[in-house]
Amino acid sequence: ASSAQKPADYVYFKREPQLFSREAIPRATAAKMRLEQHYKMAVEHAIERNQRRIETEKKHAMRQNQVSSSAELAQIQQRRQVAFERLGDKETHFVRLRRTKIGLDDFKTVKVIGKGAFGEVRLVQKKDTGKIYAMKTLLKSEMFKKDQLAHVRAERDVLAENKSPWVVNLYYSFQDAKYLYLLMEFLPGGDLMTMLIKYDTFSEDVTRFYMAECVLAIEAVHTLGFVHRDIKPDNILIDKKGHVKLTDFGLSTGFHKKHTAQYYQRLLDQGGSEAKKDRNSVAIDKINLTMSRHDQIQTWKTNRRKLAYSTVGTPDYIAPEIFLQQGYNHSCDWWSLGAIMFECLVGYPPFCAESAHETYRKIISFREHLYFPDDVQLSFEAEDLIRRLMCAPEYRLGRNNAAEIKQHPFFAGVDWSCIRQIDAPFVPHLRSITDTSYFPTEEFESVPETPAGADVTGDSKDLAFMGYTFRRMTMNEF
Amino acid sequence: PSSNSNPSKPLFLCQPFVKAALVKGSFKTIVVLPKHVDVNEWVAINLFDFFHNLNAFYGVISETVTIENNPTMSAGVNFDYTWIDQSRKLVKLPAPTYIDYVMVWVQSLLNDELVFPTKQHNYFQPTFPSSAKHIYKQLFRVFAHLYWAHFTSFLHLSLEGHLNSLFAHFVAFGTEFDLIDQRDVNGSGVGELMKLWKDQGTLDL
Ligand SMILES: Nc1ncnc2c1ncn2[C@@H]1O[C@H](COP(=O)(O)OP(=O)(O)OP(=O)(O)O)[C@@H](O)[C@H]1O
């Protein structure tokens, strides 16, 4: 019946995909998706390019209206021309970047500056441009599931698009058979863990500054739709002006072994059975508490770095609901902030113990174990804020929004809108762009310059995966 | 059972397939040289993308492209493309061999820092426009053969809309930057297709 409306050359074709091998269908799907992605991106890029051009035009048109003399006009026209030449260079560079493959051999290691659970962080220099980056390597076999890589990349895309001054910028990522490489902006001021090891404790004013910046940083992460889940002093980095940025957290969500539910369960079970065997553990707590605070801090500090480098990681800042697998939401990050604030003022985190198991146990029964030592003088506001962050999630400050925390009396007088612009309490003194004096580099002397087993031949180069980061490039790369 | 009234007419020229498309609207937005961008850089990234996308489509159906079924690089009725061998002689090659040569050759050029520079202080050679034209020409021939000899495979896998858009984009780009060699077009099946699309307004450049 319908054939009446069909054109004369209308063809009915019976599709028989089963004629093809089993690989053909997923390949067809992949080719389709690839092309769809390609056109979406092509249109987006065209729009963004237009916006950048219009912005430049606007800026220079406005200036032309305010001209009085002809000499001034010539000067303005000259400036306008330079601006468009620069824009052209940037646009051309961006187009080229999409073809550029990046591999380990494009970078030269300056120094190993950090170590995490799954690899090291190196200060590197890109050979052709001379630009400095922090390169984080992640051992792929240590990552929980290979197929989560795609998921991580998707998250990273979101991050790359949503530039925030509170989050470390990512410029490139690539991989070889063994490692995933992330090239980030280098933050020369080190991290909060190193700072706490150096200073033991901060005054309430200094603590207020770092905590206020962290509140804004965590809020920014939440606004992007992420829950960090692993906020700890090692992840809080200090930029060249002494302000705070959070390290890359695309990797935090369900990625590392230490984050999986079963993993916690296993540790808890192990911890539990040990505790039963050793009923004296309560007594050990008591002995610890009678130690002088100085001793306590010293013991904690000697173990702190070792813990940071171990695969178990440090559980000290993780919220109880994450261990208990009752479900959690963004407010688990506010708990972590409470634990960090405690450490800033007291010198060690609230549940520090001889072993990770012991710490888990204390966190789960935090009501009995959150203890403020008598010899530390905390203001009422500081203790109150910590207690309101380190409580059950249904009462926790920040569960509705970050404003709840900002309004707490501890933060009275903080100018939230321009804290990043004010002078930081510690501004790093840097002699060069490759100054690593804020990093415990002597601890990494035995770490090889290139990761063991990495592909240094350049054979497995990867596309630079930079599709979305041009806006950041304009700010930081030029 | 096909009810094709004109069985000799290739399926890609027939309704509804000739109209199948992934993208709507003019390709102008993504084809024309963006203001302030270097033309070589723009041609380079587009050839790069066309190569990778075409390679992905060829990869899907390559299992059906055999030497036995495709003794020549056919693209129309009595229309075969020839390859210039090392002694500069024109030779007819089986299609899979021909396509392999093209793909390996283009890939090696794309990886050649002298032809397709990517590093900070490397620039395009004055010969780049002519290299680009060569690459475009060979990629065009691969499209032409895939349409002529393998379109039903794409139909079976429901890829015709995507393939049409990729090829239409490729033609629009070749037209804009004067890369198309009419000797490869006239007499080929895709030559007919390009005419039809022009008349329909699918290709409005
Ligand atoms: N962008 C950077 N700039 C300067 N130093 C950095 C940077 N990223 C990381 N570091 C240093 O390296 C150390 C380890 O990095 P990071 O905490 O990211 O690794 P990790 O512990 O493996 O990560 P995760 O917290 O995901 O387990 C940091 O504590 C910091 O001292």
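The shell around the ligand holds 10 nonpolar, five polar and eight charged residues. Keep in mind that this is a predicted model. The shell has 23 residues, and the nearest are Lys136(A), Glu185(A), Leu187(A), Asp191(A) and Asp234(A). Two strands of chain A, β2 (107-116) and β4 (132-139), each supply at least two residues of the shell. The most come from β2(A), which gives four.

Lys136(A) places a polar side-chain atom 2.6 Å from an oxygen atom of the ligand. Asp191(A) also has a polar side-chain atom by a ligand oxygen, at 2.5 Å. At Leu187(A) the backbone takes part: one of its polar atoms is 3.0 Å from a nitrogen atom of the ligand. How much of the ligand's accessible area does the protein cover? On its own the ligand has 610 Å², and the protein covers 96% of that.

Elsewhere in chain A, two arginines sit over rings. The charged end of Arg208(A) is over Phe410(A), 4.8 Å from the ring centre. Arg420(A) lies over the face of Trp166(A), at 4.7 Å from the ring centre.

Over all chains there are 41 aromatic pairs. In one of them, Phe124(B) and Phe128(B) are tilted, 4.6 Å centre to centre with 55° between the planes. Phe124(B) counts as buried because its relative accessibility is 14%, under the 20% cut-off. Phe128(B), at 2%, is buried too. Phe140(B) and Phe167(B) form another tilted pair, at 6.0 Å and 50°. This pair links helix α4 (residues 128-156) to helix α5 (residues 160-176) of chain B, across 27 residues.

Key: Residues numbered from 1 in each chain as written. Chains lettered and ligands numbered in written order. Predicted model: local features only at pLDDT ≥ 70, side-chain atom pairs only at ≥ 80, totals over all residues. Heavy atoms only, no water. Near = heavy atom within 4 Å. Polar contact = N/O pair within 3.5 Å; in protein donor to acceptor, adjacent residues only side chain to side chain. Areas by Shrake-Rupley, 256 points an atom, 1.4 Å probe, with all protein chains shown as cover. Nonpolar A, V, L, I, M, F, W, Y, C, P; charged D, E, K, R; others polar. Phe/Tyr/Trp six-rings, centres within 6.5 Å; stacked < 30°, edge-to-face > 60°. Buried < 20%, exposed > 50% of the residue type's maximum accessible area, 1.4 Å probe, protein only. Lys NZ or Arg CZ within 6 Å of the ring centre and 35° of its normal.
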